[in-house]
Amino acid sequence: MHSKSLYQEVILDHNRKPRNYGTLEHSTHHAVGHNPLCGDRLVIALNLDGQNIEGIAFHGESCAICKASASMMTSVVKGKTRSDAEILIQEFRDMALGKLDPSDENHLGRLTVFAGVRNLPTRVKCAILPWHTLHAALNSINSTSTEAADDPMHAPVDRAS
Ligand code: ZN
């Protein structure tokens, strides 16, 4: 179990010094994500070299939870393959929705600090939005919303590697 103070510390740290914040000079994929419930709006840009995420950056207007989640996500998926990123997207989403217990086997590592959002229903979508937007960018869906009917997060994830 992670303490509430660790969670707060991570959120504060990533808001003070967001990782990979800004734009990419050469991006191959991008998507805009919107969470109308909170007003979060994020742009995620990627530079994919074959199956590898060579570069990733984000910017936008968002609350602290969303920004911390985006900052941590970009540092974790940078250098990973597309299929590794898709596994993390699925696991993060399941954890935030309470479908994955962070003590069960998973690949989330320090991202499990966000497990507590399952108890904060209004913040779940704030934490998920960056992941949702990354999924859209990887699949060349240029705009997404947590409230969209064609929610890309419901699309099956290719776990083959
Ligand atoms: Zn938010």
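Modeller: Buried residues make up 45% of the 161 residues in the protein. Buried means under 20% relative accessible area, exposed means over 50%, and partly exposed is in between, with a 1.4 Å probe and protein chains only. This is a predicted model, where local features need pLDDT of at least 70, side-chain atom pairs count only at pLDDT 80 or more, and totals for chains, interfaces and linings use all residues. Residues are numbered from 1 along each chain as its sequence is written, and side-chain values use heavy atoms, with hydrogens and water left out.

Biologist: How many helices and strands are there in the protein?

Modeller: There are 4 helices and 4 strands. From the N terminus the order is α-β-β-β-α-α-α-β. Both kinds are DSSP runs numbered from the N terminus: helices are H or I with at least four residues, strands are E with at least two.

Biologist: Now helices. What does H4 look like?

Modeller: Helix H4 covers residues 124-138, which is 15 residues. Its first and last C-alpha are 22 Å apart, close to the 21 Å expected at 1.5 Å a residue. That expected span is 1.5 Å times one less than the number of residues.

Biologist: Where does H4 bend?

Modeller: At proline 130, by about 30°. The bend is the angle between axes fitted to the seven residues ending there and the seven starting there.

Biologist: How about H2?

Modeller: H2 runs over residues 64-77, with 14 residues. It reaches 20 Å from first C-alpha to last, close to the 20 Å expected. H2 is also mostly covered, with 11 of its 14 residues buried. Among them are Ile65, Cys66, Met72, Met73 and Val77. Glycine 79 follows H2 with a positive phi, near 90°.

Biologist: Which other residues have a positive phi?

Modeller: Asparagine 20 is one, at about 55°, although it is not a glycine. Serine 140 is another non-glycine, with a positive phi of about 55°. Most residues other than glycine have a negative phi.

Biologist: Where do asparagine 20 and serine 140 sit?

Modeller: Asparagine 20 lies in the loop between helix H1 (4-16) and S1. Serine 140 is in the loop between H4 and strand S4 (143-145). Asparagine 20 counts as partly exposed, at 22% relative accessibility. Serine 140 counts as partly exposed too, at 49%.

Biologist: Switching to aromatics. How many pairs turn up?

Modeller: A search of the whole structure finds 4 aromatic pairs. In the pair of phenylalanine 92 and tryptophan 131, ring centres are 4.6 Å apart and planes are at 15°, so the pair is stacked. Rings of Phe, Tyr and Trp (its six-membered ring) pair if their centres lie within 6.5 Å; planes under 30 degrees apart count as stacked, over 60 as edge-to-face and the rest as tilted.

Biologist: What does that pair tie together?

Modeller: Phenylalanine 92 lies in helix H3 (residues 82-96) and tryptophan 131 in H4, so the pair ties together parts 39 residues apart in sequence. Phenylalanine 92 is buried, at 0% relative accessible area. Tryptophan 131 is buried at 0% as well.

Biologist: Which charge sits over the ring of tyrosine 21?

Modeller: The charged end of lysine 67, 5.1 Å from the ring centre. The cut-offs: NZ of Lys or CZ of Arg within 6 Å of the centre and within 35 degrees of the ring normal.

Biologist: Last one. What does isoleucine 44 touch?

Modeller: Its contacts include His29, Phe58, Met73, Pro130 and Leu134, not counting residues up to four places away in sequence. Isoleucine 44 is in strand S2 (residues 40-49) and is buried, at 0% relative accessible area.

Key:
Contact = heavy atoms within 4.5 Å.
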